Every structure is written in structure tokens, then in C-alpha cells.
Amino acid sequence: MTIDDILLRLGVRPKKRGLEAQLENLRRDIAKLSHSATNHAGHLAGSVSHRASHVSDEWGDSLAGLTREAARYGTQIAESAGEQSRRAVRAVKNDPLPVIAVIGTVVLLSALLRSK
């Protein structure tokens with residue numbers, strides 16, 4: 001606490017010189033601007049935080065919906081693939097000759113390509 005502070009509390013205002021008064025006014029103005037900027041930044045941060053939270057919630061809901069759809073379609077695709085593989089196994093069991101021909105052709109082609 002300075003003497004000026006004590007005098008101000010007692011109601012006595014010391015006379016300030018021109019430069020001192022200007023500096024004091026400048027200090028008060030800077031303090032007001034700082035306070036105003038801090039308040040504005042706080043409101044802006046709160047607004048940005050609220051918007052980010054809202055967007056995050058929307059994205060989370062969208063992703064949850066997409067994963068549900070993907071799971072549903074994934075199940076359907078897996079069931080379809082399983083059914084097709086069962087059909088292929090039955091076809092090979094009934095007539096293995098086409099599979100043997102395809103395997104033989106692949107082996108011959110790979111041997112020809114390796115030899116060059």
C-alpha cells in the first residue's frame with residue numbers, strides 16, 4: 001500500500017503532475033481494455049466450446065448411425081458370402097473337373113512366366 005492509496009481512502013486526492021496523470025489514465029484505460037478483452041475472450045471461448053460440443057455430438061450421432069448401418073449390411077454381406085461359398089463347395093463336390101482345370105492352368109501359366 002502506498003501513501004497515495006492511504007490518502008485516497010481518506011478522501012484526499014493528491015495533485016498529480018501532467019505526465020503522471022496521463023500515465024495513470026493510460027493505466028486505467030489499459031486495465032479496462034484488458035478486462036473487456038478477457039470477458040470477450042471468455043464468452044468467445046464458451047461459444048466456441050459450445051459449438052464444438054454440438055458439432056461433436058452431431059458427428060457422434062452420425063457415426064453411430066453409420067456403424068449401425070455398416071453392421072447391418074456387413075451381416076447381410078457375410079450371410080450372402082457364406083451362402084455363395086456353400087454353393088461353390090457343393091458345385092466342386094458334384095463336379096471337381098472345372099476346378100482341377102483352373103488350378104492346372106494357373107500352375108502352367110506361372111511356370112511359363114517364371115521361365116522367361
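Met 1, Ile 6, Leu 10 and Val 12 together make a nonpolar surface patch of about 440 Å². To join such a patch, a residue needs over 30% relative accessible area and no salt bridge (a Lys or Arg side-chain nitrogen within 4 Å of an Asp or Glu carboxyl oxygen), and nonpolar side chains are linked within 5 Å. Areas are Shrake-Rupley values with a 1.4 Å probe.

Leu 10 sits in the loop between α1 (3–9) and α2 (18–94). Its relative accessibility is 64%, so Leu 10 counts as exposed (over 50%; buried is under 20%).

## What you're looking at

This is a predicted model, where local features need pLDDT of at least 70 and side-chain atom pairs 80 or more, while totals for chains, interfaces and linings use all residues. Numbering starts from 1 along each chain as its sequence is written, and side-chain values use heavy atoms, without hydrogens and water.

## Overall build

Along the principal axes, the C-alpha atoms fill a box of roughly 115 × 45 × 20 Å. Of the 116 residues, 2% count as buried. The accessible surface comes to about 10,500 Å², and 64% of that belongs to carbon and sulfur atoms.

Key: Patch = residues over 30% accessible without salt bridge, like charges linked within 9 Å, V, L, I, M, F, W, Y side chains within 5 Å. Helix = DSSP H or I, 4+ residues; strand = E, 2+ residues; numbered from the N terminus. Buried < 20%, exposed > 50% of the residue type's maximum accessible area, 1.4 Å probe, protein only.
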